[in-house]
Amino acid sequence: MGVRVIIKNAETGANVAMDLEPTNSVQEIIDSIAMYWEKDAGAYVIRKGKKLLKGEQMIGDLGFAENDEIELIPDPEGGI
Amino acid sequence: MFDQDRLERSKRISWLDMDGIAGTKCLVVGAGALGNEVVKNLVLSGFKNIELVDMDHVVRSNLNRCVFFREGDAEQKLMKSKIVTTRAAELDPTSTVVPSIARIETYDVERFQSFDIVLGCLDNIAARLHVNSHSFLARRPYIDGGTNGFMGKVQVVIPPDTPCLQCTMNRTHYRVIEKRFSCTGANVSYFEPRMPAEITTTSVIAAIQVREALKLASDKADKCIRNVMFYDGLNGTSDQFEADIDPDCPMHERYP
């Protein structure tokens with residue numbers, strides 16, 4: 001059964017709801033939402049609460065409840 | 001008398017092991033914005049044995065965030081690691097700060113084993129993966145810092161007990177590497193993006209990296225960041241997030 005989650009943009013504070021299926025992967029969320037927000041081609045991670053999610057994890061294994069919030073965070077690459 | 005000892009105020013922090021810190025050998029990878037701040041903080045904190053590796057020269061656009069660089073360094077195209085180490089040693093003449101003008105990819109595992117702590121001050125994922133794997137194989141703690149504008153990140157890897165950088169990566173990271181190195185058949189081109197950078201975020205991230213090094217050198221690894229700390233300077237927030245060791249991580253899988 002599908003679940004609706006709220007995805008937050010760590011850079012802008014914007015939110016968007018996304019309907020997910022148990023077979024969707026975290027990587028698919030990152031790809032879709034980065035495209036939706038027209039993000040630069042950089043590295044991103046997603047957190048749920050205090051946990052960073054792995055790209056290959058499946059939604060069905062993550063125990064999402066309706067309207068749970070996750071956050072898309074840019075993984076900063078610079079330093080020079 | 002109290003004011004004659006340069007580390008007297010540090011010694012008042014009971015958990016800091018000043019002998020341990022002085023005896024710890026640090027490898028700093030990258031002599032850019034983070035590298036300048038990290039080396040400055042290491043020397044002022046009492047680390048006496050530092051090697052700084054970088055293969056680049058100073059350019060004028062470095063000058064908004066690099067405490068050791070001057071206009072003349074950019075004009076003369078002086079090597080970053082040489083400038084930083086020379087000027088950092090002036091902060092504490094009893095410290096040994098050694099430059100290495102080289103690509104970090106030329107450092108093998110044995111070389112990594114000659115250090116106690118590795119601090120990453122890099123600007124690309126491919127170099128981070130090299131430092132990550134070699135620190136892992138050498139079983140040396142790796143403190144990686146990264147910035148992008150007002151965002152920053154610090155990850156502490158204590159191999160093999162904690163997740164490494166590769167454990168926390170996903171396809172977006174590998175796409176960035178692919179974009180940097182694109183092979184069109186005859187030629188391999190290298191795309192180097194210019195990332196936003198400023199000194200306040202750089203200072204915060206470098207300070208946290210060195211603070212983690214102080215904990216490791218003082219036998220306080222249990223107090224280190226678990227596992228990744230993200231910093232958002234615009235909103236004034238920071239948070240630590242847990243990550244899991246990836247069972248498919250090539251480092252953890254092959255070298256548990």
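User: Quick one first: what counts as a helix or a strand here?
Analyst: Both are DSSP runs numbered from the N terminus: a helix is H or I with at least four residues, and a strand is E with at least two. Also keep in mind that this is a predicted model.

User: OK. Where does Arg139(B) sit, then?
Analyst: Arg139(B) is in the loop of chain B that runs between helix 7 (125-138) and strand 5 (142-148). Its phi is positive, about 55 degrees, although Arg139(B) is not a glycine.

User: Is Arg139(B) buried, exposed or partly exposed?
Analyst: Partly exposed, because Arg139(B) has 13 C-beta neighbours inside 10 Å, and the exposed class stops at 12 or fewer while buried starts at 20 or more.

User: And Lys77(B), what's its phi like?
Analyst: Positive too, about 50 degrees, and Lys77(B) isn't a glycine either. You'll find Lys77(B) in the loop between helix 4 (71-75) and helix 5 (80-91) of chain B. Lys77(B) counts as exposed because it has 10 other C-beta atoms within 10 Å.

User: What about the bond from Arg226(B) to Asn227(B), cis or trans?
Analyst: Cis, with omega near -5 degrees. Asn227(B) is in the loop between helix 9 (199-217) and strand 9 (228-232) of chain B.

User: Now strand 2 of chain B. Mostly covered or mostly open?
Analyst: Mostly covered: five of the six residues in strand 2 (49-54) of chain B are buried.

User: What does strand 2 of chain B pair with?
Analyst: Strand 1 (25-29) of chain B runs parallel to strand 2 of chain B, joined by five bridges, and Leu27(B) has Glu51(B) as its bridge partner. Strand 2 of chain B also pairs in the parallel sense with strand 3 (96-101) of chain B, over six bridges; there Ile50(B) is partnered by Val97(B).

User: Which helix goes with strands 1 and 2 of chain B in the β-α-β unit?
Analyst: Helix 3 (33-45) of chain B, and the unit is right-handed.

User: Last topic: how many residues of chain A are in contact with chain B?
Analyst: 22 residues of chain A, and they contact 34 residues of chain B. Helix 1 (26-36), strand 3 (44-48), strand 4 (51-53) and strand 5 (68-74) of chain A each supply at least two residues of that side of chain A.

User: Which one gives the most?
Analyst: Strand 3 of chain A, with three residues. By class, the side of chain A that touches chain B has eleven nonpolar, five polar and six charged residues.

Conventions:
Residues are numbered from 1 along each chain as its sequence is written. Chains are lettered from A and ligands numbered from 1 in the order in which they are written. This is a predicted model: local features need pLDDT of at least 70, side-chain atom pairs count only at pLDDT 80 or more; totals for chains, interfaces and linings use all residues. Two residues are in contact if their C-beta atoms, placed from the backbone, lie within 7 Å. Ala, Val, Leu, Ile, Met, Phe, Trp, Tyr, Cys and Pro count as nonpolar, Asp, Glu, Lys and Arg as charged, and the others, Gly among them, as polar. Two strands pair if DSSP finds at least two bridges between them. A crossover is right-handed if, with the strands pointing away from the viewer, the path from the first strand over the helix to the second runs clockwise.
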